[in-house]
Amino acid sequence: MASVDAQGSIKTLADHLEFAEKFLDYTGLSKKDGLKINQANLQSLTVAINNHDYYFIQFPQSVNFSLTRPINKDLFLDINEFSHNKSEFLKIIKSVREIKDDSAKRELLNCFVYTCQMSIACTLDAFGNPNKARKKNGAYFENLIRYLVKECGIENSHAVEKINIGDSEDTFSFEYDIVFEKEGQRRAIGQIKTSTKDHLDKIFLDKLFFQKCSSQDIPFIAVVLNDVQRTQSKKVSSTFLPGHYRAYSVYLTPLSGVYYVDVATSAKQFKDSIHKLDQLLVEDMWDF
């Protein structure tokens with residue numbers, strides 16, 4: 001766990017897979033005959049009171065009985081599922097366009113991304129510093145998505161640009177979490193967030209600024225891990241704001257697409273613009 005807290009130890013997709021496998025082995029998580037954990041290493045596993053699709057893991061006294069964020073039981077693989085399907089996952093990403101009509105493989109893609117990222121997130125939760133964990137988790141998620149897109153065959157980068165404000169010498173900096181590239185040309189721009197909480201308005205404003213300041217007419221997307229949080233009473237609540245999303249789409253500018261690993265229930269009503277991550281990886285990014 002210390003290697004994740006220190007950062008810098010996970011630099012490739014292979015590193016993400018290796019860390020996730022070690023975390024799953026440590027937890028001893030098993031879905032066979034119900035959710036079970038290795039109680040020699042962990043304190044407990046608790047299903048969310050108000051939504052049985054999510055559960056929490058509590059760490060032992062050695063890390064102050066820290067509690068993880070909500071974990072989606074359908075997306076988070078156990079050690080047997082992960083180990084058994086890892087080679088299949090690696091085959092999928094090398095020919096990802098070929099699984100367009102294979103719903104099982106598409107969902108396996110989502111599960112591996114979710115399990116890799118949540119293994120890091122849960123480990124960071126053990127350190128008991130929410131602000132630090134949130135910042136580091138976001139950086140790891142950005143890297144994971146960029147690594148994955150590259151392994152699928154699309155060149156991409158992270159970019160920071162300075163734009164002059166009017167006729168003055170003052171500048172304004174834009175930061176793009178991912179720039180999709182083809183033959184050295186930008187094909188799309190995206191922001192990558194672990195949640196839209198405290199970020200939704202900025203994502204829309206980023207696109208609006210880009211439209212105003214750039215001569216390029218290219219897709220502007222968002223990739224989001226999830227929009228669920230733990231409450232104090234071991235319940236879960238959604239952080240997605242459907243009213244804000246609709247208003248920003250109408251009165252600011254619509255995004256070209258939003259791609260969730262774990263789609264919030266309240267976000268599923270926006271079927272034309274909000275999709276699961278596999279839609280981006282298998283289909284949409286190839287049309288940018």
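Of the 288 residues of the chain, 49% count as buried, where buried means under 20% relative accessible area, exposed over 50% and partly exposed in between, with a 1.4 Å probe and protein chains only. The structure is a predicted model, in which local features need pLDDT of at least 70 and side-chain atom pairs count only at pLDDT 80 or more, while totals for chains, interfaces and linings use all residues. Residues are numbered from 1 along each chain as its sequence is written, and side-chain values use heavy atoms, leaving out hydrogens and water.

The secondary structure comprises 8 helices and 11 strands; helices (H or I, at least four residues) and strands (E, at least two) are DSSP runs, numbered from the N terminus. The chain has a radius of gyration of 19 Å, close to the 19 Å of the globule rule for 288 residues, so it is as compact as a globular protein of that length. Here the radius is taken over C-alpha atoms, and the rule is 2.2 Å times the number of residues to the power 0.38. The C-alpha trace spans about 65 × 40 × 40 Å along its principal axes. Contact means heavy atoms within 4.5 Å; among contacts between residues at least 6 apart in sequence, 63% join residues at least 24 apart.

Turning to the strands, an open sheet of 6 runs in the order β4-β5-β6-β7-β10-β11, with mixed pairing; two strands pair if DSSP finds at least two bridges between them. The edges are held by β4 (155-164) and β11 (274-276), each with a single partner strand, so one side of each is left without a neighbour in the sheet. From one strand to the next, the twist averages 35 degrees, with axes fitted as lines to C-alpha atoms, for helices over the stretch in contact, and angles running from 0 to 180 degrees between N-to-C directions. Antiparallel pairing joins β4 to β5 (residues 171-182) over 9 bridges, and N164 has T171 of β5 as its bridge partner.

S119 belongs to helix α4 (residues 103-125) and counts as buried, at 0% relative accessibility. Leaving aside residues up to four places away in sequence, S119 touches F19, A20, F23 and F76. A polar atom of the S119 side chain also lies 2.7 Å from the backbone oxygen of T115. T27, in helix α2 (residues 13-27), is likewise buried, with a relative accessible area of 1%. With residues up to four places away in sequence again not counted, T27 touches I37, N38 and L42.

How values were computed
Polar contact = N/O pair within 3.5 Å; in protein donor to acceptor, adjacent residues only side chain to side chain.
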